[in-house]
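Have the structure open while you read.

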Amino acid sequence: SEVERLRHTICQLEHALHSRVVVEQAIGVLAERHTMPTREAFERLRSSARSRGRKVADLARDVVESSNSPLTVLPDELGVGP
């Protein structure tokens with residue numbers, strides 16, 4: 001039905017918005033961690049996700065989590081330090 005289609009669309013949009021927020025947070029973490037422009041931080045995040053066959057949003061969640069938990073393992077190019 002039309003109502004179900006609209007509910008499904010709303011759910012997809014909410015998921016996309018949440019993913020976008022997490023990616024933006026990860027970009028901020030990487031930009032600060034590596035003292036680089038946000039565009040470069042995004043490119044590094046995207047490249048790392050692509051080379052590992054992961055979604056950017058999934059890797060972004062790990063990056064954000066790593067800012068609170070030092071036990072979170074990240075790929076070398078996204079880890080702590082310049």
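## Around R54

Leaving out anything within four places in sequence, R54 is in contact with A49, L59 and D62. This is a predicted model, so keep that in mind throughout. R54 sits in the loop between α2 and α3. With a relative accessible area of 33%, R54 is partly exposed. How far is R54 from S19, going by C-alpha atoms? The two C-alpha atoms are separated by 14 Å, and the residues are 35 apart along the chain.

## How the helices pack

Two packed helices are described by the angle between their axes and the distance between the axes.

| Pair | Axis angle | Axis distance |
|---|---|---|
| α1 and α2 | roughly 110° | within 8 Å |
| α1 and α3 | about 50° | 8 Å |
| α2 and α3 | roughly 115° | within 9 Å |

Let's take α1 and α2 to begin with. Helix α1 covers residues 2-33 and helix α2 covers residues 38-52, and their axes cross at roughly 110°. That angle makes α1 roughly perpendicular to α2. The crossing is right-handed. On the α1 side, the contact uses V23, A26, I27, L30 and A31, while α2 brings T38, A41, F42 and L45. Sort those residues by class and you get eight nonpolar, one polar and no charged.

Now for α1 and α3. Their axes are 8 Å apart, at an angle of about 50°, which means α1 is oblique to α3. This crossing is left-handed. From α1 come H15, S19, V22, V23, Q25, A26, V29, L30 and R33, and they meet V56, A57, A60, R61, V63, V64 and S66 of α3. By class, that contact has 10 nonpolar, four polar and two charged residues.

That leaves α2 and α3, whose axes come within 9 Å and cross at roughly 115°. Here α2 passes α3 in a right-handed crossing. The residues that meet are L45, R46, S48 and A49 in α2 and V56, L59, A60 and V63 in α3. The class count for this contact is six nonpolar, one polar and one charged.

## The core

Which residues have the most contacts inside the largest nonpolar core? They are L45, V63 and L78, in a core of 18 residues. The elements giving two or more residues to this core are α1, α2 and α3, with α3 running over 56-66. The top contributor is α1, with seven residues.

Apart from neighbours within four places in sequence, L45 is in contact with V23, A26, L30, V56, L59, A60, V63 and L78. Two of the helix contacts list L45 as well: α1 with α2, and α2 with α3.

What about the buried side of α3? Its buried residues are A57, L59, A60, V63, V64 and S66. The cover over them includes α1 and α2.

S19 lies in helix α1 and, not counting residues up to four places away in sequence, touches A57 and R61.

D58 is on helix α3. Its relative accessible area is 33%, so D58 counts as partly exposed. The C-alpha atoms of D58 and V22 are separated by 8.9 Å, though the two residues are 36 apart along the chain.

One last stop is the backbone of a loop residue. Most residues other than glycine have a negative phi. T35 is not a glycine, yet its phi is positive, at about 40°. Where is T35 placed? T35 is in the loop between α1 and α2. At 70% relative accessibility, T35 counts as exposed.

Definitions and conventions
Residues numbered from 1 in each chain as written. Predicted model: local features only at pLDDT ≥ 70, side-chain atom pairs only at ≥ 80, totals over all residues. Heavy atoms only, no water. Axes fitted to C-alpha atoms, helices over the stretch in contact; angles between N-to-C directions. Helix = DSSP H or I, 4+ residues; strand = E, 2+ residues; numbered from the N terminus. Parallel < 35°, antiparallel > 145°, perpendicular 65-115°, else oblique. Left-handed = near helix turned anticlockwise from the far one by under 90°. Contact = heavy atoms within 4.5 Å. Nonpolar A, V, L, I, M, F, W, Y, C, P; charged D, E, K, R; others polar. Core = buried A, V, L, I, M, F, W, Y, C linked by side-chain atoms within 4.5 Å. Buried < 20%, exposed > 50% of the residue type's maximum accessible area, 1.4 Å probe, protein only.
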